[in-house]
Amino acid sequence: MFRRREPVPFAFIAEADRFRGNVTPPPPERASRAERAGRSLLLLTLVAGIVGALVVGMPALSTPSGPPAGHSQAAPGR
């Protein structure tokens, strides 16, 4: 099938896809020392929390390697 090339009543709409502005946006502002320090402190707190959770949780995740300690409370022969 062929497309018919009909004139567009508003030429600027047809040319909008091809338009490129020559105005560049301003560069982003750099973070201040206080903002960088706050972000670093937040990151350090998160990492310390994860490491602390792993340190506290590792004993519960480890399996004992030796024979079970202690004897059964049940009386023998009963």
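This is a short chat about a predicted model of a protein.

Student: Hi! How many helices and strands are there in the protein?
Tutor: There are two helices and zero strands; these are DSSP runs numbered from the N terminus (helices H or I, at least four residues; strands E, at least two). Residues are numbered from 1 along each chain as its sequence is written. Since this is a predicted model, local features need pLDDT of at least 70, side-chain atom pairs count only at pLDDT 80 or more, and totals for chains use all residues.

Student: What share of the 78 residues counts as buried?
Tutor: The share is 0%, where buried means under 20% relative accessible area, exposed over 50%, and partly exposed in between (1.4 Å probe, protein chains only).

Student: And helix α2, what does it span?
Tutor: Helix α2 covers residues 33–61, and its end C-alpha atoms are 41 Å apart. That agrees with the 42 Å its 29 residues should span at 1.5 Å a residue, taking 1.5 Å times one less than the number of residues.

Student: Where is the kink in α2?
Tutor: At Val55, shortly before the proline Pro59, with a bend of about 25°. The bend is the angle between axes fitted to the seven residues ending there and the seven starting there.

Student: Is α2 in the open or buried?
Tutor: Largely in the open, because the number of buried residues in α2 is zero. One of its residues, Val51, counts as partly exposed at 46% relative accessibility.

Student: New topic: which residues does Arg36 touch?
Tutor: Arg36, found in helix α2, touches Arg30 and Ala31, leaving aside residues up to four places away in sequence. Contact means heavy atoms within 4.5 Å.

Terms used. Heavy atoms only, no water.
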